[in-house]
Amino acid sequence: MGNWVENEGLSIFVILVWLGLNVFLFWWYYLVYADGRQFYYTRELLGPYLALARAPAACLNFNCMLVLLPVCRNLLSFLRGSSACCSVRVRRQLDRNLTFHKLVAWMIALHTTIHTIAHLFNVEKLVDARTEHKGDIQAALSDLGDRNGESYLNFARKKLLNPEGGFYVAFTTLAGLTGVIITLCLILIITSSTKTIRRSYFEVFWFTHHLFVIFFIGLAIHGAGQIVRGQTAASLREHVPEICAKNYTNWGELSSSCPVPQFSGNPPMTWKWIIGPMILYVFERLVRFWRSTQKVVITKVVTHPFQTFELQMKKKGFKMEVGQYIFVKCPAVSMLEWHPFTLTSAPEEDYFSIHIRVVGDWTEGLYQVCGCDKQEFQEAWKLPKIAVDGPFGTASEDVFSYESVVLVGAGIGVTPFASVLKSVWYKYCSDSVKLKLKKIYFYWLCRDTHAFEWFADLLQSLENQMQDKNNAEFLSYNIYLTGWDESQATHFTVHHDEEKDVITGLKQKTLYGRPNWETEFTTIASQHPSSRIGVFLCGPEALADTLNMMCINHSEADPRGVHFIFNKENF
C-alpha cells in the first residue's frame, strides 16, 4: 500500500480533487438555476433543461481554465527545475502533464455534449413557445419585449416554426453561431487526437489541434449575447413570481399588484475563467518563438541502420540535463510543424544530438533533405536550416536522485537512456565527480537485430570503462530480441559460446523473447533491501502498465523496506 501511494497516490489524489471540484460546480450551479427565484419564469419556459445546460457550462469554464496549463512546457520545466517549490513527488506529477491534459479534454467533451443537448431542447421549447403557444403563461412570457417598456425573456424573437426557427437562432445569434463553431472545433480536435491519427498522420493532428485558438476565442465571446436571462433584483421586489405567475393575464394592469416583470441577461463569465491561462499561454508561445529564432548549426549527420539517423547540433547558450527533449522544426520540410525528440547527447558534450527513426512523411522529408538517402558525402552548406525549442524536462532527469535505477527502453525508446548512460560514462571518466547512483539495471527490448547497432558502441564503451575502474558490477544490462525467425535462432545458438555476442559484439549475450518481469523485480528487490529504486521507462502503454504493477507488487508495506518508484517518459 505504501508504494501504491508513492506511485499512484498523489496522482489519484489530484484526480479525485479535480473530479470533486467538477461535481461541486455541477451541483452548485444546477441548484442555482433549478431553485433560484430570479429564474422562476425562465424555468416556466425551459423546464429542467435550463439547469441541465447551465451546470455543465460552469464545469466547462473550470476545465477550459485548466486544459492549457499542462501544455505550458516552459512553465512546467521551470517548476520542475526549482527544488524550492517542487519535491520529487511533485515533479513526478508534473511529468504526467499530458495525461492530465487528456483527462481534462475528455471532461470538456462530456460537458459540451450535455450542454449542447440541453440547449437543443431549450431552443426547441423557445421557438415553440413563440409560435405555437396561445393564451398560456409560456405565450405571455414569450410576448414580453414586443411592447415599449418591456424587456424580453424569450431570445427567439422571430416567429418562425421549427426547424427553421431553430436554425435561425443557431446561425443568427452570437451564442448560437459561436456555439456551433466551437463545437465543430472541439469535435475535430478530439477525433484527430486518437493514437492512430497521431502515429500515422501527425500533420493532421498538429494542424487540427491548433483550432484551439478559434475554440478559445469563440468560448470567450460565447456568453456575450446573454441569452440566458433572469428576473432583475428590482423587479423581484415588486413582482413576486410565486404569486404573480397565477395572474399572468393581469400583469401591468392598474388594479393588479403584479407589474410586468423585467429581465436581464447573465453577464458573460467565461472570459474571467480563461483569461489568465490564455495570457500565460501567449507568453509561453512568445518564449518558444524567441528561442526558435536562435541560430542552430548542424555539425554532423550520421546514418544508422534500420532507417535511423542522428543529427548533432550546436546552439549558443544551449544547456541541457540528461533525458530532456526538444521540439524541432525544419522549414525545408514544413514551415509550421514542430516534432518532439529526446536528446541522446550528454550534458558534458559540446554538442546536442537527437536520433530520428523514419516513421512518417515529416521524418521521411527530413531524412531526404539531410542527404541520408544519398551515398555521396553531403556538404555542410547544403544541410537544411533547423529551429529548436527547448530543452524541456522529463522524468529521466531524476535518474541521479536514486542509488539504484532500472532503465527500460523499447525500440527507439532507448534514446533518453543514451543520454543517461553517456553522462554516467563522462562522470566516471572524471574522478572528481561523486555519484549517488551506485547501480544501473538496463533493459532494452527490440524487434529487429539492426536496431541494436547504433547503440551497441555506447554500451561497449561504458562496459570497458567500468572494467577499467574495477566496477564492472555498476551496470547490468540485458538486451532482448523480441522478433526473430528459426534460421536466426539456429545461427545464434551455434555462436552462443563465443566470448562476445554475435549481434552486438558485447560480452553480455542477447536474450530472446521478453523479460520475465516477476523474476527480474524479485531479484533486484533481494539485492537492494531498504532502498528506493527508480524505475524509468520509455516505451508503449502496455509495458508501462506492466512495470507500474510490478513496482506496486514488489514494494514492501514497511516504509523502511524496498520501494520501486515508477517513472515514464511522457511527451
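Where is Gln 226 found? Gln 226 lies in the loop between α12 and β1 (229–231), helices (H or I, at least four residues) and strands (E, at least two) being DSSP runs numbered from the N terminus. Although Gln 226 is not a glycine, its phi is positive, at about 50°. The model is a predicted one, in which local features need pLDDT of at least 70 and side-chain atom pairs count only at pLDDT 80 or more, while totals for chains, interfaces and linings use all residues. Residues are numbered from 1 along each chain as its sequence is written, and side-chain values use heavy atoms, with hydrogens and water left out.

One runs from Asn 162 to Pro 163, with omega near 5°, and Pro 163 is found in the loop between α7 (137–143) and α8. Another joins Gly 390 and Pro 391, with omega about 10°; Pro 391 belongs to strand β8.

Strand β8 also takes part in an open sheet of three strands, ordered β6-β5-β8 with antiparallel pairing (two strands pair if DSSP finds at least two bridges between them). The edge strands, β6 (339–342) and β8 (387–392), each pair on one side only. From one strand to the next the twist averages 25°, where axes are lines fitted to C-alpha atoms and angles run from 0 to 180 degrees between N-to-C directions. Strand β5 (residues 325–329) is joined to β6 by four bridges, and Ile 326 stands opposite Phe 341 in β6.

On a 1 Å grid over the protein atoms alone, a cavity is a set of points where a 1.4 Å probe fits but cannot get out, whereas a pocket is an open set with protein on both sides within 12 Å along at least five of seven lines; lining residues have an atom within 4 Å of a point. Grid points are joined across faces, edges and corners, and a volume is the space filled by probe spheres set on the points. The largest cavity holds about 120 Å³ of space. Its lining has 15 residues, of which Thr 42, Leu 46, Leu 126, Phe 155 and Ile 227 lie nearest the centre. Helix α3 gives the most to this lining, with four residues.

The second largest pocket has a volume of about 1100 Å³. Of the 47 residues lining this pocket, His 115, His 119, Ala 175, His 222 and Ile 227 lie nearest its centre. Helices α1 (2–35), α3, α6, α8 (164–172), α9 (174–191), α12 (212–222) and α15 (270–292) each supply at least two residues of the lining.

The UniProt annotation "transmembrane region", from an unreviewed entry, covers residues 12–31, 103–121, 167–189 and 201–221; such annotations may be inferred rather than shown by experiment. Residues 103–121 are 100% helix and 0% strand, with end C-alpha atoms 28 Å apart. For residues 201–221, which are 86% helix and 0% strand, the end C-alpha atoms lie 32 Å apart.

Aromatic pairs number 25, counted for rings of Phe, Tyr and Trp (its six-membered ring) with centres within 6.5 Å; planes under 30 degrees apart count as stacked, over 60 as edge-to-face and the rest as tilted. The rings of Phe 62 and Trp 273 have centres 6.5 Å apart and planes at 80°, so this pair is edge-to-face. Because Phe 62 lies in helix α3 and Trp 273 in helix α15, the pair ties together parts 211 residues apart in sequence.
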